[in-house]
Amino acid sequence: MATLTPTFSLTSTDVSSDSLSLTTTDTLSVTASTNVSRKSIATGSAQSVLGSNSSFSYVYLKVISSTNSASWVQVLLGGDAKFKVRVGEFLFIPLYNSQAITAEAQTAACVIEYAQYVANV
């Protein structure tokens with residue numbers, strides 16, 4: 001069993017009349033993981049990122065680069081578009097088992113970085 005410690009922070013001095021400073025940290029018990037991998041995602045059709053997860057998992061995905069800074073990746077769960085991730089942005093989501101993740105680049109091809117961590121539940 002391994003431990004994964006995600007930390008998420010939101011800070012701003014100009015998003016509202018008050019300063020924003022939110023941070024949360026969790027300790028997650030995981031039993032297995034995929035190596036952090038990179039993959040080029042093309043435009044035109046969705047491509048497999050995670051064929052299907054057999055167990056409840058935590059998934060990390062970041063759009064690393066593109067030849068066009070306006071490009072973004074549409075992330076689909078079970079064939080339905082759920083997330084829009086721009087170059088430099090990331091997502092970290094808890095994911096029920098039996099969910100396939102696919103992705104399709106918009107505007108120009110993008111390189112993504114991704115990993116899956118199986119929860120110890």
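Which residues does Thr102 touch, not counting residues up to four places away in sequence? In this predicted model, Thr102 touches Ala46, Gln47, Ser48 and Val49, and also Gln74, Val75 and Leu76, when residues up to four places away in sequence are not counted.

**Setting of Thr102**

Thr102 lies in strand β11, which covers residues 101-106. The relative accessible area of Thr102 is 18%. Because buried means under 20% relative accessible area, Thr102 is classed as buried.

**The chain as a whole**

The chain has twelve strands and zero helices. Its pattern, read along the sequence, is accordingly written β-β-β-β-β-β-β-β-β-β-β-β. Taken along the principal axes, the box filled by the C-alpha atoms is roughly 45 × 40 × 25 Å. Among contacts in the chain with a separation of 6 or more, 75% join residues 24 or more positions apart.

Burial and surface may be considered together. Of the 121 residues of the chain, 31% count as buried, and Thr102 is buried. The chain exposes about 7100 Å², and carbon and sulfur atoms supply 49% of that area.

The percentages for the chain are set out below.

| Property of the chain | Value |
|---|---|
| Residues that count as buried, of 121 | 31% |
| Contacts with a separation of 6 or more that are between residues 24 or more positions apart | 75% |

**Charges**

The chain carries 6 positive and 7 negative charges.

Methods:
Residues numbered from 1 in each chain as written. Predicted model: local features only at pLDDT ≥ 70, side-chain atom pairs only at ≥ 80, totals over all residues. Heavy atoms only, no water. Helix = DSSP H or I, 4+ residues; strand = E, 2+ residues; numbered from the N terminus. Buried < 20%, exposed > 50% of the residue type's maximum accessible area, 1.4 Å probe, protein only. Contact = heavy atoms within 4.5 Å. Areas by Shrake-Rupley, 256 points an atom, 1.4 Å probe, with all protein chains shown as cover. Lys, Arg positive; Asp, Glu negative; His and termini not counted. Charge placed at Lys NZ, Arg CZ, Asp CG, Glu CD.
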